[in-house]
Amino acid sequence: MKQRVTILLLLFTIIKLSGQGEQIELSLDEAVKKAIIASPDVRKLALADQKNDYELKSFRSAFLPQVSGQLQLNFNPVLPTQRIPDFLGGDLTKTIPVQFGTFQSHQATVSVNQVIYSKALQTGSDVLKKTFELNSINQQMKNEELTNSIAKLYFQTQGLQFQIKNVQANIDNLQKLVEVSKARQEVGLGLGIDTDRIQINLNNLKSQIEILKSQEQSLMDIINILTGQKKGTKLTLTTTDLEEYDGASAYLDADRVKNRTLDLLDKQKEVLSAQINSNLAQNGPTLAAFAQMGGQIQGNKLDIFIKKDNYAFFGGFGLQLNVPIYNGKKYQNKVKSIELEMMQIDEDKNLLKQGLEQQYVNAFQTLYSNKQQKNSQDENVALAQRTYAITQDRYNQGVAPLTDLMDAQKSLIEAQNMALLTDLQIKLAQIDLLNIEGNIQEIIR
């Protein structure tokens with residue numbers, strides 16, 4: 001019986017531990033790197049790089065010699081008949097039927113073609129290379145988007161963890177107060193209503209900490225999903241600070257707005273400019289060289305492959321020049337269309353810059369105002385802690401009423417929450433400013 005109980009306890013312990021999930025330490029740097037590795041979008045863009053490499057090689061093959069072979073077997077059971085003047089009979093006013101050809105006529109040829117000059121092909125290659133460069137910028141943008149998202153989630157989760165720790169400390173204090181209040185009640189120095197009021201506050205804080213823990217786990221699970229970790233993994237976030245932002249003297253400096261999306265729009269303009277050159281090049285000449293060598297066998301009998309008289313060889317080479325003369329201004333009109341598209345991109349850039357500058361102003365003001373408040377709020381927390389400790393001692397001695405203690409505890413919680421919120425707002429504003437300036441990956445050390 002004892003053995004069964006021991007086994008059941010062991011099984012219960014194992015089940016309980018497995019249900020708690022794994023717990024790991026995670027720095028911001030590690031979180032970002034894991035998210036980039038686990039991202040399907042990043043892996044897809046990496047595959048696009050390989051795909052683009054093969055596409056460029058395929059396009060460049062047009063500049064290499066093009067060799068082709070052809071074998072043609074012809075069997076003519078019924079030969080074509082043509083009527084010609086009767087030269088043999090001497091009467092040219094009459095015609096006689098004559099069949100041309102042989103029952104078998106087989107031919108094999110090998111051809112070589114080499115482009116010598118084609119501006120259209122060259123500019124087409126340039127367009128392709130510019131297009132592929134867009135993929136590189138897309139990769140950088142995706143890495144920066146992940147860094148921005150992970151950094152914000154990281155510090156938001158950490159803020160909840162700090163808040164949970166503070167609430168738990170207040171719960172521990174209230175639990176001690178419940179014991180003190182009960183002891184005072186037993187000796188006739190306190191009232192039962194005081195214990196009840198403390199218990200109500202204690203229950204409220206316990207409910208609050210459960211809500212905070214649920215929010216914390218939700219954010220943790222999002223981080224786990226983005227970093228490729230198991231759902232339910234408990235994270236100990238070890239990075240607590242960001243490097244001091246150095247943009248305080250650059251308020252409203254438009255040159256600091258260098259978001260990667262602007263680079264993408266500039267690269268799109270480069271692609272369109274290359275397309276213009278490519279379209280204009282379609283009206284240019286193309287020069288190519290060619291060479292051909294082959295052989296032919298003709299005869300009416302099955303032994304034509306044996307007799308040398310049935311064989312004939314031929315070959316030749318030359319140059320081919322292709323000059324477009326008129327195509328209804330097809331490419332000129334296409335160029336006009338592309339030029340208008342480039343003008344649209346310029347307007348997109350102006351619109352994006354306006355939005356980024358507004359975001360920059362908001363983020364800077366948030367950073368500046370919260371930094372101004374931080375010192376005073378840290379002082380408020382220290383003052384609230386001192387006030388609470390003194391009031392608690394006075395309450396334990398029976399000098400201060402419970403209402404003073406509850407007010408002191410409420411002030412302490414509010415001061416702690418405001419300080420935590422201010423610290424979080426500073427970090428989020430720093431992240432926004434780095435992202436707008438295109439320097440978000442600087443937070444990875």
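Helix α5 passes helix α8 in a right-handed crossing, meaning that the near helix is turned clockwise from the far one by less than a right angle. Helices here are DSSP runs of H or I with at least four residues, numbered from the N terminus.

A word on the source. This is a predicted model, where local features need pLDDT of at least 70 and side-chain atom pairs count only at pLDDT 80 or more, while totals for chains, interfaces and linings use all residues. Residues are numbered from 1 along each chain as its sequence is written, and side-chain values use heavy atoms, with hydrogens and water left out.

Back to the pair. α5 covers residues 192–227 and α8 covers residues 402–436; their axes are 11 Å apart, at an angle of about 15°. Axes are lines fitted to C-alpha atoms over the stretch in contact, and angles run from 0 to 180 degrees between N-to-C directions. The two helices are therefore roughly parallel, the term for angles under 35 degrees.

Which residues of α5 meet α8? They are D194, R197, I198, N201 and L205, and in α8 their partners are L402, T403, M406, Q409 and I413. Contact means heavy atoms within 4.5 Å.

Now α4. α4 and α8 pack at about 170°, with axes 10 Å apart. They are therefore roughly antiparallel, which is the label for angles over 145 degrees.

Last, the cavity lining. F155, Q158, G159, F162, L420, D423, L424 and K427 line the largest cavity. On a 1 Å grid over the protein atoms alone, a cavity is a set of points where a 1.4 Å probe fits but cannot get out, and lining residues have an atom within 4 Å of a point. α4, residues 119–186, and α8 are the elements that each give two or more residues to this lining.

Key:
Angles under 35 degrees count as roughly parallel, over 145 as roughly antiparallel, 65 to 115 as roughly perpendicular and the rest as oblique. On a 1 Å grid over the protein atoms alone, a cavity is a set of points where a 1.4 Å probe fits but cannot get out, and a pocket is an open set with protein on both sides within 12 Å along at least five of seven lines; lining residues have an atom within 4 Å of a point.
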